[in-house]
Amino acid sequence: MLKATSSSEGDASLSSEEPPSPGAADLCTLPAGPAAASMPRTTGRARGGQRLDWRWQMRNRLRTIAQLRESFPSLDVSSGLIEAARKFPLAVTPYYASLIRRPDASDPVFRMCVPQPEELRDPAFLRDDPLEEDEDMPVPGLVHRYPDRALLLVTTTCSAYCRHCTRKRVAGMHESSITAPRLQQAVAYLRRHSEITDVILSGGDPFTMATEALERVLAALRTVPSVQVIRLGTRTPVVLPQRITDELVGMLRRYHPVWVNTHFNHPNELTPEAEEACARLVDAGIPLGNQTVLLRGVNDDPRTIEDLCRGLVRRRVRPYYLFQCDLVRGVEHFRTPLSRGIEIMEYLRGRVSGLAIPTFVVDAPHGGGKIPVLPNYVVSMSPTHTVLRNFEGMLVAYPEPGIPDSEAPRPADAGRPPGVHDLASGGATSIRPAHLARIERREMKTLCRFEA
Ligand code: SF4
């Protein structure tokens with residue numbers, strides 16, 4: 001298992017340099033923005049511009065129920081909530097707290113960051129580490145599952161702890177970052193395994209590390225000639241966009257090719273601050289992808305995902321994965337049936353550009369890796385034809401190669417409409433729904449031409 005290292009032996013993350021003081025409810029004057037009207041009540045004021053400082057945001061994270069209660073006086077503090085916060089770490093940046101519009105679980109941002117009694121539900125099939133990452137660690141902190149990729153867990157710290165986190169077993173349990181000896185061990189393994197060309201930094205959130213500490217990791221990876229691509233997984237543009245500074249971005253661009261995958265789950269997270277953070281990264285030549293987790297009561301609705309994906313593309317962020325929620329202890333209340341994800345993919349296809357459509361994946365238990373799950377577009381197959389369905393419900397016959405030119409299509413029986421078998425056997429080429437906007441547009445065009 002990932003061994004969390006103590007801050008005294010680790011490289012400096014901000015959290016280890018400047019530990020949060022849960023007792024000091026020095027909350028902020030919250031940022032102006034779309035949620036300003038419903039911002040949480042605060043007990044302290046940030047001195048001019050402080051709220052724009054990511055270190056100030058980190059120091060002033062809401063870390064206790066009392067601090068949450070101060071910000072949201074109407075918060076329903078049940079014994080279950082207290083127990084959930086005791087079991088799994090709580091942290092919310094003042095910025096992210098300001099995006100909460102209703103202080104209850106009907107609000108998507110609230111639901112993602114405030115402990116819920118449902119986290120205590122514990123069906124037998126849940127695991128602390130369902131992806132068995134700990135089993136796939138040849139050296140501590142380095143997960144080697146796929147042939148050409150490795151995942152390096154560089155910190156256990158996040159600026160905000162997502163209630164739906166897959167790594168609840170480590171994220172925030174003890175805030176620290178990778179030590180120099182552990183980094184050397186990981187680098188030595190990568191040197192011995194030149195088939196690994198792509199290293200993903202994750203945790204925790206790598207952008208919570210001090211820039212110099214993160215740079216030490218990147219510099220060490222760049223000493224391995226076979227490592228071509230470095231990727232960073234982060235929720236920072238969502239929960240702490242102030243951290244995406246010119247200094248950070250200037251450092252990252254020295255280690256290209258660097259890719260960043262971020263983690264927006266709901267359109268309410270697409271604020272001007274988040275947009276600026278994404279723009280900084282993209283302008284530095286860092287391609288941005290987004291990994292969304294499908295979460296019950298947050299985004300398990302086709303239109304919400306459509307708005308999110310459209311909003312991401314508008315901000316130059318490519319929707320990359322839509323994840324089925326993992327079988328992790330503490331997140332069962334977020335899990336949706338697989339059919340919901342398939343329904344969402346069905347809704348998106350044809351409605352939005354392929355650029356805005358993520359791949360829906362199940363990260364399989366037992367370390368099975370990511371398995372894409374799609375609506376069924378292949379309706380039938382024969383040696384000569386494959387019958388495909390499009391998003392409109394139209395069926396088309398796709399002729400396979402090698403059909404002799406001389407082979408005449410067998411016409412469908414006269415007097416009856418073609419069926420799927422006729423498509424598969426070459427007796428018909430398509431079956432269309434009675435009304436299609438696309439066909440009606442064509443007919444209108446023909447009519448206009450005729451009348452002109
Ligand atoms: S930012 Fe990532 S690692 Fe941290 S709590 Fe959220 S999902 Fe987990």
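A residue is called buried if 20 or more other C-beta atoms lie within 10 Å of its own, exposed if 12 or fewer do, and partly exposed in between, with C-beta atoms placed from the backbone. Helices (H or I, at least four residues) and strands (E, at least two) are DSSP runs, numbered from the N terminus. The model is predicted: local features need pLDDT of at least 70 and side-chain atom pairs count only at pLDDT 80 or more, while totals for chains, interfaces and linings use all residues. Residues are numbered from 1 along each chain as its sequence is written.

**The whole chain**

Begin by displaying the protein chain as a cartoon. Its secondary structure comes to 15 helices and 13 strands. Of its 452 residues, 40% are buried. Two residues are in contact if their C-beta atoms, placed from the backbone, lie within 7 Å. Among contacts between residues at least 6 apart in sequence, 76% join residues at least 24 apart.

Next, select the strands β1 to β9. Two strands pair if DSSP finds at least two bridges between them. These nine strands form an open sheet with mixed pairing, in the order β1-β2-β3-β4-β5-β6-β7-β8-β9. At its edges are β1 and β9 (369-372), each of which pairs on one side only.

Now select β2 (149-153) and β3 (198-202). Five bridges join β2 and β3 in the parallel sense, and A150 stands opposite V199 in β3.

Move on to β5 (258-262). Is this strand enclosed or open? Four of the five residues of β5 are buried, so the strand is largely enclosed by the rest of the structure. Strand β4 (residues 229-233) pairs with β5 in the parallel sense over four bridges, and G233 is found opposite N261 in β5. With β6, β5 also runs parallel, and three bridges join these two strands.

**Helix α11**

Select residues 272-283, which form helix α11. The expected span of a helix is 1.5 Å times one less than its number of residues. For the 12 residues of α11 this gives 16 Å, and the end C-alpha atoms are 16 Å apart, which agrees.

Which residues of α11 are buried? They are E273, A274, A277, C278 and L281. These residues cover an arc of only 135 degrees around the axis, which puts them on the same side of α11; the arc is that of the directions from the helix axis to the C-beta atoms. An α-helix has 3.6 residues a turn, so residues three or four places apart point the same way. The face of α11 turned away from the buried side carries the exposed residues P272 and D283. Among the elements covering the buried residues of α11 are α9 (236-239), α10 (246-252) and β6 (288-293). After α11 comes G285, which has a positive phi, near 80 degrees.

**Helix α7**

Select residues 180-192 for helix α7. Its 13 residues should span 18 Å, and its end C-alpha atoms are 18 Å apart, which agrees. The buried residues here are R182, L183, A186, V187 and L190. They cover an arc of only 135 degrees around the axis, which puts them on the same side of α7. On the other side of α7, the residues P181, Q184, A188 and R192 are exposed. The cover over the buried residues of α7 includes β1 (142-143) and α8 (211-221).

**The ligand**

Centre the view on the ligand. A residue is near a molecule if its C-beta atom, placed from the backbone, lies within 6 Å of it. The ligand is surrounded by C158, Y161, C162, C165, R167, A171, G203, G204, D205 and R235. By class, this shell has five nonpolar, two polar and three charged residues. Here Ala, Val, Leu, Ile, Met, Phe, Trp, Tyr, Cys and Pro count as nonpolar, Asp, Glu, Lys and Arg as charged, and the others, Gly among them, as polar.

Strand β12 (residues 395-399) runs antiparallel to β13, and two bridges join them. Select V396 to finish: its bridge partner in β13 is S430.
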